[in-house]
Each structure stands twice: as C-alpha cells, then as structure tokens.
Amino acid sequence: MDAYRQWWYRRLAPHYRFNEAARAANRTARKYKAVGVVTGSELQALWRADSRCRYCRIGLAWREWTVDHAVPFSRGGANTIDNIVMACQSCNARKATGMPHEYAIRMAARGLRLDCLPVGVPVQLFLWGIDAPL
Ligand SMILES: [Zn+2]
C-alpha cells in the first residue's frame, strides 16, 4: 500500500462509512415509511461520544460498529439520532426487530446480563431506561 492509499484508508474511509450508514438508514426508513433523516456527522458524533456497543458494551473499532434503531421501524420507531444506537454486529443481528428490553430479557434468560439492563432492576421491570413495571 502506497503512502496516499494508506492516508486515505486511515483518514477518509471512516468518514465514508458514516455517510454510507446514514444513506442506508435513510433508504430503509423510506422503505418502511418511518419519519426522520440522519446524517453521517450525527452518526460520527454518536460513535465519538461512546464507541462501545450499546447492548453488550464491547469496544467498537470504526470497521465494527453497526447502526441500530433502538425502537425498530416495524414497531413505529423513527429514523432520528435519538432512536439510533451503535451496536456490534452480533447484538444487531440477535436483536433483529425486537425492542431493546426484549433483547435484554432474552439474553438474560440465557444467563448473559447486558449492560443496558440496569444492575438491581429486576429483568421483568426493565423497560429501556425507565424503571417502571411492564
Ligand atoms: Zn454488542
């Protein structure tokens, strides 16, 4: 790899990934008629703020993160940055079209406590950041 390609790879490729992910999210949102538009820089800011998976808290390098809509489009979730979290590929695939608390409960049943499940809150009472009965 020559010096320019190396520079491009290190400096520009991550930015392209954010823009590509934003375009993909916007395309899917249009398909599901979900409201909202995201930009690459919003996704980049999200990843910069916390570059770990929102569910299992594994560290995410720039090639590893995926965009997850916490409330899926099929459940009426919006395509806005406040409904988007960074997730690792396996959490994103396992969560699929479930709600975050459904994913957390499913994993808890298998003995894996996700960090999005607050410590001390019974699994049955967990509702995505709100300590209220289901
Ligand atoms: Zn994860």
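Arg57 is partly exposed, because 14 other C-beta atoms lie within 10 Å of its own, a count that falls between the 12 or fewer of an exposed residue and the 20 or more of a buried one. Arg57 sits in the loop between helix 3 and strand 1. Its backbone deserves a look too: phi of Arg57 is near 65 degrees, a positive value in a residue other than glycine. Keep in mind that you're looking at a predicted model, so that angle is a computed one.

Lys33 follows helix 2 and belongs to the loop between helix 2 and helix 3. Buried or exposed, then, is Lys33? Lys33 counts as exposed, because it has 7 C-beta neighbours inside 10 Å. A positive phi turns up after helix 5 as well, where Gly111 takes about 85 degrees.

Now step back to the whole chain. The protein chain has five helices and two strands, and from the N terminus on they run α-α-α-β-β-α-α. Of its 134 residues, 27% count as buried. Take the contacts with a separation of 6 or more: 56% of them join residues 24 or more positions apart.

Among the elements, strand 1 has the highest confidence, at 94, while helix 1 (residues 3-11) has the lowest, at a mean of 79.

Helix 2 covers residues 13-31, and its 19 residues reach 27 Å from first C-alpha to last, close to the 27 Å expected at 1.5 Å a residue. The buried residues here are Phe18, Ala21, Ala22, Ala25 and Ala29. They lie on the same side of helix 2, because they cover an arc of only 100 degrees around the axis. As for what covers the buried residues of helix 2, helix 3 (40-49) and strand 1 (66-69) are included.

That brings us to the strands. Strand 1 and strand 2 pair in the antiparallel sense over four bridges, and Val67 stands opposite Met86 in strand 2. Strand 2 spans residues 84-87, with Ile84 and Met86 pointing one way and Val85 and Ala87 the other. Which of these four are buried? All of them are.

Ala87 comes back when you look for the core. The largest nonpolar core has 24 residues, and Leu43 and Ala87 have the most contacts inside it. Helix 2, helix 3, strand 2 and helix 5 (100-109) are the elements that give two or more residues to this core. Helix 2 supplies the largest share, five residues. As a general matter, nonpolar side chains tend to be buried together in soluble globular proteins.

Helix 5 has a buried side of its own. Pro100, His101, Tyr103, Ala104 and Met107 are the buried residues of helix 5. Why do they count as lying on the same side of helix 5? They cover an arc of only 155 degrees around the axis, which puts them there. These buried residues of helix 5 pack against helix 4 (89-95).

Ala93 counts as exposed, because it has 11 C-beta neighbours inside 10 Å. Its C-alpha atom is separated by 9.9 Å from that of Thr66, 27 residues apart along the chain.

Note on methods:
Residues numbered from 1 in each chain as written. Predicted model: local features only at pLDDT ≥ 70, side-chain atom pairs only at ≥ 80, totals over all residues. Contact = placed C-beta atoms within 7 Å. Expected span 1.5 Å × (residues − 1). Arc of directions from axis to C-beta. pLDDT = per-residue confidence, 0-100. Pairing = 2+ DSSP bridges. Core = buried A, V, L, I, M, F, W, Y, C linked by C-beta atoms within 7 Å.
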